[in-house]
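Work through the exercises below with the structure at hand. Try each task before reading its solution.

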Amino acid sequence: MTESALILEEEVLRLYREPIIGASYSNTFGEENIKNLVNMYRELEEEKMKSMLTFLVSFSKSSDLATSFVSVGVLHALGMKKELDDAYQWAQGLDDKERFMHHFDIGKSLAEYFT
């Protein structure tokens with residue numbers, strides 16, 4: 001991975017962590033995280049958009065529920081239907097699939113409302 005890609009990945013990961021999900025009324029379910037990630041994506045050059053999309057797709061299949069549902073929300077806001085379908089398909093194979101898919105639906109709803 002190039003230095004530029006590493007820097008981009010660090011910035012993307014920072015936006016997943018800040019603000020802390022659930023730490024405030026305005027970010028109960030990661031509303032700000034989704035909004036900030038969507039805004040970042042839309043401001044990138046095409047090559048960096050591709051890199052960020054790779055991160056989003058990878059993170060949408062994370063066993064960390066917060067990471068995966070924020071990713072699904074961002075993918076939904078960006079109109080990435082195939083990638084979104086892949087995340088739902090991945091979740092079907094989990095022992096806790098209902099919980100993940102429920103949170104994916106929350107992520108999609110947040111994306112529709114806040115982006």
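The exercises that follow use a predicted model.

**Exercise 1. Classify the aromatic pair formed by Tyr16 and Phe59, and say where each residue lies.**

Solution.
- Start with the total: the count comes to six aromatic pairs.
- Now take the pair of Tyr16 and Phe59: the distance is 5.2 Å centre to centre, with 90 degrees between the planes.
- Planes over 60 degrees apart count as edge-to-face, and this pair is edge-to-face.
- Next, place the residues: Tyr16 is in helix H1 (residues 3–17), and Phe59 is in helix H3 (residues 46–59).
- The two are 43 residues apart, and the pair links distant parts of the chain.

**Exercise 2. Are Tyr16 and Phe59 buried or exposed?**

Solution.
- The cut-off for buried is under 20% relative accessible area.
- Tyr16 has 9%, so Tyr16 is buried.
- Phe59 has 13% relative accessibility, so Phe59 counts as buried.

**Exercise 3. Classify the pair of Tyr88 and Phe104, and find which helices the pair ties together.**

Solution.
- The ring centres of Tyr88 and Phe104 are 5.3 Å apart, and the planes stand at 80 degrees.
- The pair is therefore edge-to-face.
- Tyr88 lies in helix H5 (residues 81–92), while Phe104 lies in helix H6 (residues 97–114).
- The pair therefore ties together parts that are 16 residues apart in sequence.
- Both Tyr88 and Phe104 are buried.
- Tyr88 and Phe104 also belong to one aromatic cluster, together with Trp90 and Phe100.

**Exercise 4. Describe how helix H4 packs with H5.**

Solution.
- Helix H4 covers residues 65–77.
- H4 and H5 pack at an angle of about 155 degrees, and their axes are 8 Å apart.
- Angles over 145 degrees count as roughly antiparallel, so H4 is roughly antiparallel to H5.
- The crossing of H4 past H5 is left-handed.
- On the H4 side, Val72, Leu75 and His76 make the contact.
- On the H5 side, the contact is made by Glu83, Leu84, Ala87 and Tyr88.
- The residues of this contact of H4 with H5 divide into five nonpolar, one polar and one charged.

**Exercise 5. Locate Glu18 and list what Glu18 touches.**

Solution.
- Glu18 lies in the loop between H1 and helix H2 (31–43).
- The relative accessible area of Glu18 is 41%, so Glu18 is partly exposed.
- Leaving out residues up to four places away in sequence, Glu18 touches Asn33 and Asn36.
- Glu18 and Asp96 are 78 residues apart along the chain, and their C-alpha atoms are separated by 26 Å.

Definitions and conventions: Residues numbered from 1 in each chain as written. Predicted model: local features only at pLDDT ≥ 70, side-chain atom pairs only at ≥ 80, totals over all residues. Heavy atoms only, no water. Phe/Tyr/Trp six-rings, centres within 6.5 Å; stacked < 30°, edge-to-face > 60°. Helix = DSSP H or I, 4+ residues; strand = E, 2+ residues; numbered from the N terminus. Buried < 20%, exposed > 50% of the residue type's maximum accessible area, 1.4 Å probe, protein only. Axes fitted to C-alpha atoms, helices over the stretch in contact; angles between N-to-C directions. Parallel < 35°, antiparallel > 145°, perpendicular 65-115°, else oblique. Left-handed = near helix turned anticlockwise from the far one by under 90°. Contact = heavy atoms within 4.5 Å. Nonpolar A, V, L, I, M, F, W, Y, C, P; charged D, E, K, R; others polar.
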